[in-house]
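Student: Could we go through this structure together, one feature at a time? I would like to learn how to read each kind of feature before looking at the case in hand.

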Amino acid sequence: MSLLLIILIALPAVAGTALLLGGRRFDRVAPVTSIAVATVTLGAAIAAALTRPRWEAAFIGPGGATLVVDGLSAVLLPMITAVALLVLVFAVAERTQPEARFHGLMLVFIAAVLITVTSTSLVSLLAAWEIMGATSYALIGFYWQNARTIPAGFVAFTVTRTADLGLYLAAGVAIVAGVDWQLDDLSSASAPWLSIIAAGVLIAGLGKAAQLPFSFWLSRAMEGPSPVSALLHSAAMVAMGGYLLLRLSPLLLASGWAGWAAAWIGAATTIVLGVIAIGQSDLKQLLAASTAAQLGFVTLAAGIGATAGGTAQLIAHAATKALLFLIAGAWLAATGTKQLHALRGVGRRWPLVGVTFLIGALSLAGIPPLSLWLTKDSVLAAALEASPALYAAGLVGAVLAAAYSAKIIGVAWAAPAQDAAREAEWDAEQQGTRHIPAGANGPLAVLAVGAAVLGILAAPGVDAPFRETIGAAGQPQSSIAELAASAILALIVVLVVLRYRLPPVPGSATWFGLERAAITIVGRPLEVFAAALARFDVLLDALIDRSPGALQAVAGRVGHSDDRLDDAIDAAPRTLDRTATATRSLDGEVDGAVGRVVTFTRSAGRFARRSQSGRIADYYAAGAVVAVALVVLLIVVR
């Protein structure tokens with residue numbers, strides 16, 4: 001195995017496992033260990049992106065387990081590891097505790113994400129997908145003592161794991177279809193297996209990326225620590241759903257229907273979740289809804305084969321959303337609340353953090369020249385070439401993005417009445433510290449730079465190296481007219497929202513009842529099935545309770561037969577003795593009879609010899625005797 005891949009994957013996995021096993025004893029060394037490992041991992045990711053290492057285990061599964069740094073993973077690895085390092089630095093500054101458990105879970109999770117990005121076969125992908133799901137559940141439910149945390153983690157875990165069954169469906173059908181488990185070979189399956197494989201991959205990708213109808217799990221995932229939200233919902237976890245669809249975009253297109261399904265579901269998610277984001281009164285819930293909406297552009301791009309625009313959107317969104325989630329967490333720790341009405345003017349209270357938040361929010365709105373303006377328009381340009389209706393739907397999603405971004409900008413930079421009046425609404429959810437650690441400013445500044453400049457990956461005229469790296473040189477590019485139109489539209493929406501308050505959106509606080517609908521459509525049938533199983537279990541218990549009597553009767557009959565068999569076995573020697581005695585007596589009688597026959601035969605022989613004297617008188621005498629004997633016999637018979 002390549003040394004770079006060992007460092008890239010094994011180092012965070014081993015270090016994270018060691019911290020978890022060490023527990024509270026390693027709390028003191030956990031932060032230093034975590035930062036050091038993340039730094040080395042970032043260096044290995046950059047080196048791997050340049051050298052493109054490969055590892056293959058041909059003896060595992062159909063086609064083997066392979067890890068390859070190709071064009072797509074080469075641009076994602078540095079982004080993932082860089083965001084992970086910045087998030088961990090922020091967590092150390094914020095002193096997220098217990099430290100050994102937190103940093104251990106984060107490192108193992110990062111290792112699973114890196115395996116996911118470098119996997120080119122279903123074997124290694126499924127293994128990484130499992131570890132990523134398990135550690136994400138542990139991270140979301142990190143504060144397990146809180147009443148809301150464990151149920152929230154369970155919902156997130158259940159929904160994503162249910163969607164993950166799509167990958168297992170794809171793997172099973174690939175075996176039936178005789179297709180190798182290499183991801184690039186899945187699109188070569190014949191009908192109807194191709195459609196089933198594509199459906200499985202589509203379901204798995206939509207579930208992990210929090211796309212409709214699975215989006216509601218992202219709302220529950222906000223119960224985890226802020227650094228967890230910043231990583232899981234920017235460069236990892238949710239992003240991996242979009243990555244999977246981008247990686248297997250040729251499979252979706254080859255099916256003839258899955259590509260269009262992905263594109264329209266992505267477009268619908270940008271609209272529906274955009275409306276939900278507008279209606280939120282909780283900052284983290286607004287950011288969560290906007291995450292699903294922004295990943296909708298990635299899903300749309302995967303459905304139409306625009307991997308260049310989709311990948312650029314994924315990278316720019318990772319920096320932007322990690323920045324916003326970390327700031328939301330910093331404000332929550334400082335003020336004790338994340339309710340928007342209580343955060344009015346909070347950007348003015350901490351100006352440096354407020355400026356970085358402004359950069360991230362303007363990028364999210366699609367304001368030029370910031371990153372998401374260029375990347376979103378790159379996706380929209382490809383959508384326009386594929387379908388004007390699809391482009392129109394994506395444009396509506398972009399307008400909504402400008403609206404909910406303007407909403408949080410207006411809140412953060414509003415002029416507060418008085419500090420005392422503002423702070424009266426703080427501490428509603430936890431006791432605020434009234435300060436933001438100085439060590440948190442560094443990661444926020446770096447992420448703000450990323451939110452500002454990473455759009456160059458999709459800038460017309462300068463994006464050629466990026467497109468060549470991921471093999472998307474011939475895909476559509478944004479025109480100057482399109483970029484100008486989207487920029488003007490976003491600016492108008494932002495100014496209007498800052499001038500006029502957005503109206504309330506009924507039902508948005510509960511995410512339009514998506515979770516309730518899922519419970520009704522999926523949960524109720526499962527409850528009926530569970531009730532049927534419970535009734536069967538009761539019946540089985542009753543049968544088991546009655547079974548001892550029947551078993552006792554059977555055992556009695558078996559025991560009686562066993563006793564009779566024992567008696568027969570005990571009597572067998574005596575019977576054999578009597579048989580042997582009778583046999584010996586009969587043998588003696590037979591010997592005696594044989595002896596008497598022999599004696600008689602000898603006597604008869606001697607008599608016969610005496611009768612052969614040769615005298616005629618003896619013959620006449622014998623004849624007379626015979627004649628007399630015959631006469632007597634005739635008289636007796638008569």
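Tutor: Let us begin with a single side chain, keeping in mind that this is a predicted model. The side chain of Thr 149 reaches the backbone oxygen of Tyr 143, at 3.0 Å, and Thr 149 itself is placed in helix H6, which covers residues 149-176.

Student: Is Thr 149 buried or exposed?

Tutor: Thr 149 has a relative accessible area of 0%, and because anything under 20% counts as buried, Thr 149 is buried. Leaving aside neighbours within four places in sequence, Thr 149 is in contact with Ile 140, Gly 141, Phe 142, Tyr 143, Trp 144 and Glu 223.

Student: How should I read a strand?

Tutor: In a regular strand the side chains alternate between the two faces of the sheet. In strand E2 (residues 65-68), Ala 65 and Leu 67 are on one side while Thr 66 and Val 68 are on the other, and all of these are buried, so that both faces are covered. Strand E2 pairs with strand E1 (residues 54-57) in the antiparallel sense, over four bridges, and Val 68 in E2 is the bridge partner of Arg 54.

Student: How are two aromatic rings described, and how many aromatic pairs are there here?

Tutor: A pair of aromatic rings is described by the distance of the centres and the angle of the planes. The count here comes to five aromatic pairs. In one of them, the rings of Trp 331 and Phe 357 have centres 4.8 Å apart and planes at 50°, so this pair is tilted. Trp 331 belongs to helix H14 (residues 307-335) and Phe 357 to helix H16 (residues 351-365), so the pair ties together parts that are 26 residues apart in sequence. Trp 331 is buried, with a relative accessible area of 2%, and Phe 357 also counts as buried, at 1%.

Student: Which aromatic pair is stacked?

Tutor: Trp 350 and Trp 426 form a stacked pair, with 6.2 Å from centre to centre and 20° between the planes. Trp 350 lies in the loop between helix H15 (346-349) and H16, whereas Trp 426 lies in the loop between helix H19 (419-423) and helix H20 (441-453), so this pair ties together parts that are 76 residues apart in sequence. Both Trp 350 and Trp 426 are buried.

Student: Where does Arg 349 lie?

Tutor: Arg 349 lies over the face of Trp 350, at 5.0 Å from the ring centre. Arg 101 lies over the face of Phe 142, at 4.1 Å from the ring centre, and ring pairs link Phe 142 with Phe 102 and Tyr 143 into a cluster.

Student: How can I check the length of a helix?

Tutor: Helix H7 (residues 193-208) has 16 residues, which at 1.5 Å a residue should span 22 Å; its end C-alpha atoms are 23 Å apart, which agrees. H7 is mostly covered, since twelve of its 16 residues are buried, including Leu 194, Ile 197 and Val 201. Just after H7, Ala 210 takes a positive phi of about 60°.

Student: What does Gly 242 touch?

Tutor: Not counting residues up to four places away in sequence, Gly 242 touches Ala 209, Leu 295 and Val 298. Gly 242 lies in helix H10 (residues 238-247) and is buried, with a relative accessible area of 0%. The C-alpha atoms of Gly 242 and Ala 209 are separated by 5.7 Å, although these residues are 33 residues apart along the chain.

Terms used. Residues are numbered from 1 along each chain as its sequence is written. This is a predicted model: local features need pLDDT of at least 70, side-chain atom pairs count only at pLDDT 80 or more; totals for chains, interfaces and linings use all residues. Side-chain values use heavy atoms; hydrogens and water are left out. Helices (H or I, at least four residues) and strands (E, at least two) are DSSP runs, numbered from the N terminus. Buried means under 20% relative accessible area, exposed over 50%, partly exposed in between (1.4 Å probe, protein chains only). A polar contact is a pair of N or O atoms within 3.5 Å; within protein, one must be able to donate a hydrogen and the other to accept it, and residues adjacent in sequence count only if both atoms are side-chain atoms. Contact means heavy atoms within 4.5 Å. Two strands pair if DSSP finds at least two bridges between them. Rings of Phe, Tyr and Trp (its six-membered ring) pair if their centres lie within 6.5 Å; planes under 30 degrees apart count as stacked, over 60 as edge-to-face and the rest as tilted. A charge sits over a ring if NZ of Lys or CZ of Arg is within 6 Å of the ring centre and within 35 degrees of the ring normal. The expected span of a helix is 1.5 Å times one less than its number of residues.
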